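Here are some exercises to work through with the model open beside you. Try each task before reading its solution.

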Amino acid sequence: MSSVSDHDHIDAVLDRLRGAQPPKAGHARDVAADLDHPGCHLRAVLDAAAIDKAALAARMGHSMPEEQSPAALRRGNLFERIVVEEGHLLAEARKQLHLDISEARYKDLSDVPQGLRGRAALKWRAQRTTDALADMLTDPNAAYNILRHPVTTLRRSGRTCYLEQDALAFVVGGRLYVVEIKSFAVIAGVPNERSHVSQAARQSAVYVLSLQQALMELGFDPDVVSTTTLLITAKGYGLTPTSHTLDVRNELKALSRRLARRTKLSTILDELPDDLTFDINDPDELAEQVAKVDHHYTPGCLSSCSMARACRQRCLSGDRLDRLGQNVRSDLGVFDTVADAVHAARTGAVPRGITGTPAVFAADVTAALHLAHEAYVDAGGVA
Ligand code: SF4
């Protein structure tokens, strides 16, 4: 195995892993979800290589249900258009943030020169975003005060990742604010799904942090970015906008802490075989290649990662205790496989190094397995 240290070499390794498969741009949602799986090298590698996890899982024969149905996507796009083009953004920002904004002057940062693709295109858009931020903050009369489709960067595992933002960033009175537009329903002031709001807050925190980093590099005070963000949602099941403010300081702290603790990507890549690639169509061969990267499956993956069914299958075929979740893995850490734990529960065969009577030991293992099984089924696992 060669040592992977410089950026060009890392890029070459990541390109080899992805092969001819089309790259998928990063999103704040991926960063937020990735940080829930800090020990998963597989996810870190797939995201760094811009590999489409849903497409990879499908090629392995373990597709997950679509994250968003086409109808939900259409609703989201229509809602964003209504908010932006019918003046609701200004109205909600004035109402919730008490800002004196006289007009909205948009700059769309989605275009790239012909022929520019993949990481090069994202890099180009990130540079335009940085230039636009500098313009807006230094000149209150700049031609625009709101950025649409900006691309920001974030240092993750020692590497710059590009984030295509679906949030907007706007400047008023020398401060930068983040706005998220989500079409989920809020009924009588209460979101239909509370988890959607916490997810939006975590995504906003990713945007805020990446904007703070961009401003620091430009020589601005990062506190210019407000940690109070605006979330515009739909009132009821229609498409009338309503809004809320989110204080994302706690999410920011958690995010910074977790980013600081991540294993460096170069360390992970150093451990991989030199000929590893995921650009393979045969499902069995592909599964063999994927199995060469350490993963950290828990039942929680089922709700946060497109690779979950493939990784669950990997645990099942290896009979790994991991498939029963983090709690059981720490409770029954002396065993590698479910079969070992079940055998101990039946026979009370106490492994070396464990004190206590066989009967108590067997009862403890049985109780842990029962709890784990319930949690596994609750999380959507197959009983
Ligand atoms: S599903 Fe697989 S790749 Fe995704 S976080 Fe879980 S273990 Fe990692």
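**Exercise 1.** Find which residues surround the ligand, and sort them by class.

*Solution.* Start with the shell: His37, Cys40, Leu42, Arg43, His295, His296, Tyr297, Cys301, Cys305, Met307, Ala308 and Cys311 surround the ligand, where near means a heavy atom within 4 Å. Next, sort them: eight are nonpolar, three polar and one charged (Ala, Val, Leu, Ile, Met, Phe, Trp, Tyr, Cys and Pro count as nonpolar; Asp, Glu, Lys and Arg as charged; the others, Gly among them, as polar). Finally, look at the helices (DSSP runs of H or I, at least four residues, numbered from the N terminus): α3 (41–48) and α12 (308–317) each supply at least two shell residues.

This is a predicted model, with local features needing pLDDT of at least 70 and side-chain atom pairs pLDDT 80 or more, while totals for chains, interfaces and linings use all residues. Numbering runs from 1 along each chain as its sequence is written, and side-chain values use heavy atoms, without hydrogens and water.

**Exercise 2.** Describe how α8 and α9 cross.

*Solution.* First take the axes, lines fitted to C-alpha atoms over the stretch in contact, with angles from 0 to 180 degrees between N-to-C directions. Those of α8 (residues 194–217) and α9 (residues 249–261) come within 9 Å and cross at roughly 65°. The two helices are therefore roughly perpendicular (65 to 115 degrees).

Key
Parallel < 35°, antiparallel > 145°, perpendicular 65-115°, else oblique.
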